[in-house]
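Reader: I am new to this structure. Please walk me through it in short steps.

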Amino acid sequence: MYYMAGADEDDIVQEGMIGLLKAIRQYDPEKEAAFGTFASLCVTRQIISAIRTAGRDKHKALNTSVSLSDPLKDENSEITVEDTLITNTAENPETLLVLKDIAYYILHNGDNILSDFEMEVLNEVLKGKDYDKIARKLGKNPKSIDNAMQRTKKKIVAYLWR
């Protein structure tokens, strides 16, 4: 019945148990209220309080975060979110060298696994340009450039593993 961002069903149940414990400690039979009614109210208030606390903006980063070690598409995928993170190739000469070697190998073995657009984007990345500069040069959106590089990386990984 309740949803708490960043939590699972067990967390809601745990909050309900805390509310029940508070009801047990604070119940006063002289107030002429049934324990069940009082406990139900305490449990509900505890859960709603926890949901409000979890929904505050200060928890937003934690509640909307994605684990870097999660598989990219499905549970059986070996590629993780971390594997797709973009680094500035100008600051990472190792990545630049590996990309150049792979591109050279693919091009000189007659394999045409990349589209013309992906090849243009890859060439610009290999020159050390960032996505905004590439997007302006090619007349595209920076997100299109990012998507092309993600496709390129996936295709290269698939090519190398076959």
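Author: Start with the order of elements. This is a predicted model. From the N terminus on, the protein chain runs α-α-α-α-α-α-α.

Reader: How many helices and how many strands does the protein chain have?

Author: The elements from the N terminus on read α-α-α-α-α-α-α. The count for the protein chain is 0 strands and 7 helices.

Reader: Is Gln46 buried or exposed?

Author: Gln46 sits in helix α2, which spans residues 35-54. Its relative accessible area is 14%. Buried means under 20%, so Gln46 counts as buried.

Reader: Which residues does Gln46 touch, not counting those up to four places away in sequence?

Author: Gln46 belongs to helix α2. Leaving out residues up to four places away in sequence, its contacts are Glu15, Ile18, Gly19 and Lys22.

Reader: Which residues is Met149 in contact with, beyond its neighbours within four places in sequence?

Author: Met149 is among the core members that touch the most others. Neighbours within four places aside, Met149 contacts Val121, Leu122, Val125 and Tyr131.

Reader: How many residues are in the second, separate core?

Author: This core includes Met4, Ile47, Ala50 and Ala54. Its size is 5 residues.

Reader: What share of the protein chain counts as buried?

Author: The protein chain has 162 residues. The buried share is 25%.

Definitions and conventions
Residues numbered from 1 in each chain as written. Predicted model: local features only at pLDDT ≥ 70, side-chain atom pairs only at ≥ 80, totals over all residues. Heavy atoms only, no water. Helix = DSSP H or I, 4+ residues; strand = E, 2+ residues; numbered from the N terminus. Buried < 20%, exposed > 50% of the residue type's maximum accessible area, 1.4 Å probe, protein only. Contact = heavy atoms within 4.5 Å. Core = buried A, V, L, I, M, F, W, Y, C linked by side-chain atoms within 4.5 Å.
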